[in-house]
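Hi everyone, thanks for making the time. I'd like to walk you through a structure, so please have a look at the screen.

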Amino acid sequence: MTKARTLADITIPSGTPVGTTDTQTLTNKTIAFGSNTLTDVVGVTATQTLTNKTLTAPTIASANLTTALTVAGASGTSGQVLTSGGSGAAPTWASVSSGNFGTDLSFQDYSLTLSSGITTYAEETIIMQAVSLDGTSELMVLHGSASAHAVVFNTSTNTFGTPVLVRTASLGSSAQNVGLAKVSSTSVLVCSLPSSNTGLETVVLTISGSTITVGTPVSTTLAAASSLISPNTRLVTVGSSYVLNYYNTTGTAPKFRAITVSGSTPSIGSELAYAGGTTANMHHSYAQSASILLSFSVTTSTTVFVLPITVSGTTLTAGTAATVSTTGNSIVTGALSNSRYALCYINTTGRGAVVSVAGTTASISTAGTTFTVSSFAPQMQVFGNQAFIRGGQSTAENTNVITDTSGTATLGTNLLQGVGCFFVGYLSTSKVLLSNATSGDSDYYQYGISSGSPVLEKSFQNVSNSSVVSTNGIARYGRPLSGPPQSAGGYAISLRTSAGKIATAFSSTYPFTNSIDGTNPPKIQQSANPFSAYNDGISEAVAWGIPTSIAASTTAVQIRKVTLA
C-alpha cells in the first residue's frame, strides 16, 4: 500500500531549496520524511564509496589518474598510460604502435693520420678508450694489433690535435689491454699489457692544448704471463696513488700494483698477490677511501671474497677479508651512496648483500630472503642506498631490489617478468629500462622501485630498428662492468647525457635512445647500430666509432662522432 504524501508531511530544511533542474552545490543537506532520514543520499563533501552507479556526462575536475590501463580496452591497449583527463576533456592515451621510431641522432666523420700503422690485419676492430680532461677536451687512446696512439679532441672547436705514438705492441682485440687514469687536467697515466704477457708498460702523457708529450716509459717484467682485468676498474685512483688490477693467466687469482706519478715520471711498486677469487673476469675494485682499495673476487662454486687493501704511495697491504659461500661463478657489485656496496651472487638461489668496511676489515650482511634465478648472469643498477637487480636474461628470472639500512641488507618482493630481458638503460629517478631484444624487433619495459620492491610501470611494444648511423669497425670503450653507471656480466651498457637521454648498447643487438624530455611515457627512439664506444666525460657525445674497415698497416683512420640532436 502506498501512502500519498502532502507537502505538509515533507520537511525541507532551512536554506536554499534544491531544484531538480538547477545547477547547485549541495553541502550537508538532509531530506527528512516524517521521522525518517535518507542516509543513502550522496553528499558532495562526504567520503563515500559508490557501487553500481552510472554517471552520465559528468564533469570531473582535477582528476587524479595514477593507474595504468592493464588490459586491452576500447580507449587504450595494454601498457598504455592515461596522461590527461578531467574538466570534461577526453583522456589522452600515450600510444606506442609497432614500427620504427624517428632518429634523434646526428654524426660527423673525422680523418686522422697516424705516424705508424695501427694494425697488422685487414679489417681489424680498432679499440678506443677516452678520459675527460677539463670538460671541453678529452684524451683518446686508439690501439690495435700493431700499436697504440693518443690524440686530443676539443669539443669547443670540434677539432683533433696531432696523434702521437704511445707504444708499439699488440694491444688490439680487447679493451682490457689498456688502462687509463686522469692525473690532472694536463696529465694522464697509461698502463698497457698485451694479453697473456709479462711486458707491462707504464707511461705519463702530458697535454698542453692539443699537443701531447709522451713521457719516458717504465717497463716492468711481471713474474708470470698476465692480463689486466676485464672490468674498467683495472686502474683505480686511490688518493694520490693508482692501483693496477691484473691476474696471472695460469692461476687467475687477483694481483695488484700501486703506481705514483711525479711530474711525468711514474713509479711502480711491488706486486701484492691475493689467494682470493680465481674467476678471471669477476675481479671488481673500488676506491673505498683515499687510502683503501676494496677488491671483489669469486672462485667458481665456492667463495666470494671481499678484501680491503691499504694503499700508501706504492706500498700495498692486505687487510681482513670477508667471505660468503656461492654455488656460481658470477657476481655483480655496485657502489652505494653511503660508502657501502651492493653485492648480488648465487647460493643455490639468488642472494642480495651489503658490504661494509671498518678500518681495514670488511663485513657482509646477507639479506634473509632470496630471489629465484634460472641461468645466473646478474645485472645491477644502483640508486642511492638501493640496487635494482636481475638474476639473468631468461624468462624464468626475477627482478628485485637490495636495500641498505645502516649496513643491513634486505630484499624486496620478487617480480617475475616472464620474458628474457636485458638492462638497456636507466633514468636518474630510480627507473630502469629492460628489453627482450635479441634482434632489431624488441619489447621494452620500464621498472621503478616502490617500498623496496620492483614494479613494472610501463611497456613499449614491438619497437623495430632501421639503422641510420652505422659503424663497421666498432671501436670500443669498455664502460665499467662493476660500479656506476651500470653493472652487468658483459651485457647492456648505457650512458646518460646532460641532454636528458640515454644511449644504450649491446654487443649482440640494436641500441636505442630513450628520451626523458617530459613526455609520458618516455619515447624510445631509433639510434645507431651498433654502439660499443663511449665517451667518459663529454656529455655532448653519445659514442665514437670507426665507420670504415681498417686495412693492414694503414696510417689513415676515420673516426665517427655520434651525438644526440
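**A walk through the model**

Let's start with Thr 252: setting aside its neighbours within four places in sequence, this residue is in contact with Tyr 247, Gly 277, Thr 278, Thr 279, Ala 280 and His 283. You'll find Thr 252 in the loop between β19 and β20, the latter covering 254-262. So is Thr 252 buried or exposed? Its relative accessibility is 15%, so Thr 252 counts as buried. Please keep in mind as we go that this is a predicted model.

From that loop, let's step back to the strands. β19 spans residues 241-248 and runs antiparallel to β17, with 3 bridges joining the two. As a landmark there, Ser 226 stands opposite Asn 248 in β19. β17, residues 218-228, also pairs with β15, residues 197-208, again in the antiparallel sense, over 5 bridges. On that side, look for Leu 200, which stands opposite Thr 220 in β17.

Now for the aromatics. The count comes to 8 aromatic pairs. In one of them, the ring centres of Tyr 110 and Phe 153 are 5.5 Å apart and the planes meet at 75°, so this pair is edge-to-face. Tyr 110 sits in β7, residues 105-113, and Phe 153 in β10, so the pair ties together parts 43 residues apart in sequence. Both are buried: Tyr 110 has a relative accessible area of 9%, and Phe 153 is at 0% relative accessibility.

Tyr 110 has another edge-to-face partner, Phe 160, at 5.2 Å centre to centre and 75° between the planes. Phe 160 lies in β11, residues 159-160, and Tyr 110 in β7, so here the parts tied together are 50 residues apart in sequence. Phe 160 is buried as well, with a relative accessible area of 18%. Through these ring pairs, Tyr 110, Phe 153 and Phe 160 are linked into a cluster.

How values were computed
Residues numbered from 1 in each chain as written. Predicted model: local features only at pLDDT ≥ 70, side-chain atom pairs only at ≥ 80, totals over all residues. Heavy atoms only, no water. Pairing = 2+ DSSP bridges. Helix = DSSP H or I, 4+ residues; strand = E, 2+ residues; numbered from the N terminus. Buried < 20%, exposed > 50% of the residue type's maximum accessible area, 1.4 Å probe, protein only. Contact = heavy atoms within 4.5 Å. Phe/Tyr/Trp six-rings, centres within 6.5 Å; stacked < 30°, edge-to-face > 60°.
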